[in-house]
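Hi,

Here is the structure I promised to pass on. Have a look at it first, and then read my notes below.

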Amino acid sequence: RKRSFTEEPCGFVVLRWLGAGCRIAALVVEDLTPESRGSSRREESCRRAGHGEALMVRALEEAEERGCRRASLHVREQNVVAQALYWKFGFAEESVVLNYYDDGDTALLLSRVI
């Protein structure tokens with residue numbers, strides 16, 4: 001069932017289709033309204049309000065509707081807040097990828113069956 005949101009946008013998710021699988025290429029939670037640009041409220045006003053969970057639910061619904069059987073994503077090893085969200089949705093660590101990010105940070109590759 002598709003959900004609709006009447007609030008101002010507080011993020012977005014990007015899915016890439018990879019055969020029978022899909023990759024969550026980005027899940028971003030921040031205030032996307034024009035008046036928030038350049039403001040410290042841009043990120044903080046949307047954090048810890050369930051928007052990340054709502055985006056993940058919708059992403060997994062879309063993936064299932066399109067026949068995706070396995071979803072995967074990369075997350076910074078230091079981003080424990082994002083990791084907690086992904087663990088909550090049943091993602092498990094598949095591997096550690098050293099120097100994955102341009103700044104040399106390590107990523108965890110997580111995946112789950114849909």
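Let's start with pairing: two strands count as paired if DSSP finds at least two bridges between them. Helices (H or I, at least four residues) and strands (E, at least two) are DSSP runs, numbered from the N terminus. One more bit of background: strands of a sheet pair through backbone hydrogen bonds, either parallel or antiparallel.

Before you dig in, this is a predicted model, so local features need pLDDT of at least 70 and side-chain atom pairs count only at pLDDT 80 or more, while totals for chains, interfaces and linings use all residues. Residues are numbered from 1 along each chain as its sequence is written, and side-chain values use heavy atoms, with hydrogens and water left out.

**The overall layout**

The protein has three helices and five strands, and from the N terminus they come in the order β-β-α-α-β-α-β-β. Of its 114 residues, 37% are buried (buried means under 20% relative accessible area, exposed over 50%, partly exposed in between, with a 1.4 Å probe and protein chains only).

**The sheet**

The five strands make an open sheet in the order β1-β2-β3-β5-β4, with mixed pairing. β1 (12-18) and β4 (92-97) are at the edges with a single partner strand each, so one side of each has no neighbour in the sheet. On average, neighbouring strands here are turned by 25° against each other, direction ignored. (For angles, axes are lines fitted to C-alpha atoms, for helices over the stretch in contact, and the angles run from 0 to 180 degrees between N-to-C directions.)

Now go through the pairs:

- β1 and β2 run antiparallel and are joined by seven bridges. Leu15 has Ile24 in β2 as its bridge partner. The two strands form a hairpin with two residues between them, and Gly19 in the turn has a positive phi of about 60°.
- β2 and β3 run parallel, with four bridges joining them. Here Gly21 stands opposite Arg70 in β3.
- β4 and β5 (residues 107-113) are antiparallel again, with five bridges. Val96 has Leu108 in β5 as its bridge partner.

**Helices on the sheet**

Helix α2 (residues 51-65) packs on the sheet and touches β1, β2 (21-28), β3 (70-76) and β5, with its direction at about 25° to that of β1. Contact here means heavy atoms within 4.5 Å. Helix α3 (residues 80-88) lies across β2, β3, β4 and β5, and runs at about 165° to β3.

Which residues of α3 are buried? They are Ala82, Gln83, Leu85 and Tyr86. These residues cover an arc of only 160° around the axis, so they sit on the same side of α3 (the arc is that of the directions from the helix axis to the C-beta atoms). Their cover includes β2, α2, β3 and β5. On the face turned away from the buried side you'll find the exposed residues Val80 and Lys88. After α3 comes Gly90, which has a positive phi near 85°.

**Rings**

Rings of Phe, Tyr and Trp (its six-membered ring) pair if their centres lie within 6.5 Å; planes under 30 degrees apart count as stacked, over 60 as edge-to-face and the rest as tilted. By this rule there are two aromatic pairs.

One is Tyr86 with Phe91: their centres are 6.1 Å apart and there is 65° between the planes, an edge-to-face pair. Tyr86 is buried at 7% relative accessible area, and Phe91 is buried at 3%.

The other is Tyr100 with Tyr101, with centres 4.9 Å apart and planes at 85°, so this pair is edge-to-face too. Tyr100 is partly exposed, at 39%, whereas Tyr101 is buried, at 19%.

Leaving out residues up to four places away in sequence, Thr106 touches Val75, Arg76, Glu77, Val96, Val97, Leu98, Asn99 and Tyr101.
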